[in-house]
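I opened my notebook for a short tour of one protein chain. Here is what I looked up, entry by entry.

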Amino acid sequence: GQDEVTGLFMAVRFEEHDRAEIGFAIAPQLWGTGVFGRTIEVYLDFLFNEWGVKTLIGKTQVGNVRAMGAMRKVGAKVIEETERNGHLEYVWTIER
C-alpha cells in the first residue's frame, strides 16, 4: 500500500559544512528494482548542489555485501577499516 515505508536516506552535515555523513536503507521488496539507483541520483544531487557538500562519508559492515555494492555503485572508495561494537566496518568517501 501507499502507507508502507520503502526506505530511508539520511545525511548529517559536519561543522565544516562541506562534509557530511550519509546513510540509507531500502526495503527488501525493492532490492533489484532500480529504485536505489534513481533515488541516490536525486539524493547526491541535493547534497552536492543544494547543501554544497564536497565530501560524503558512509559506513558499512565488512560483511554487508549489498551495502558495499551500493557504495561501489555510487563511486565510493574505502578510506579506512574500523571496528564498532565488535564488527569490522569500512569507512567510504564520495567526492563531488
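**Entry 1: the pocket.** I began with the term itself: on a 1 Å grid over the protein atoms alone, a pocket is an open set of points where a 1.4 Å probe fits, with protein on both sides within 12 Å along at least five of seven lines, and lining residues have an atom within 4 Å of a point. Grid points are joined across faces, edges and corners, and a volume is the space filled by probe spheres set on the points. With that, I found about 620 Å³ of space in the largest pocket.

The model is a predicted one, in which local features need pLDDT of at least 70 and side-chain atom pairs pLDDT 80 or more, while totals for chains, interfaces and linings use all residues. Residues are numbered from 1 along each chain, and side-chain values use heavy atoms, without hydrogens or water.

Which residues lie nearest the centre of the largest pocket? I noted Phe24, Phe36, Arg66, Ala67 and Ala70, out of 26 lining residues. Strand β2 gives the largest share of this lining, six residues.

**Entry 2: confidence.** I checked pLDDT, the predictor's confidence in each residue from 0 to 100. The chain averages 90, and 97% of the residues score at least 70.

**Entry 3: the core.** Next I looked for a nonpolar core, meaning buried Ala, Val, Leu, Ile, Met, Phe, Trp, Tyr and Cys residues joined through side-chain atoms within 4.5 Å. Buried is under 20% relative accessible area, exposed over 50%, and partly exposed in between (1.4 Å probe, protein chains only). The largest core has 20 residues, and Leu44, Leu56, Val74 and Ile94 have the most contacts inside it. I saw that α1 gives the most to this core, six residues.

I then followed Leu56: not counting residues up to four places away in sequence, its contacts (heavy atoms within 4.5 Å) include Ala20, Leu44, Phe48 and Trp92.

**Entry 4: Glu95.** I found Glu95 in strand β5. Leaving out residues up to four places away in sequence, Glu95 touches Phe48, Lys54 and Thr55.

**Entry 5: Asn85.** Is Asn85 buried or exposed? I read 73% relative accessibility, so Asn85 counts as exposed. Asn85 sits in the loop between β4 and β5. Its phi is positive, about 55 degrees, although Asn85 is not a glycine. Most residues other than glycine have a negative phi.

Conventions. Helix = DSSP H or I, 4+ residues; strand = E, 2+ residues; numbered from the N terminus.
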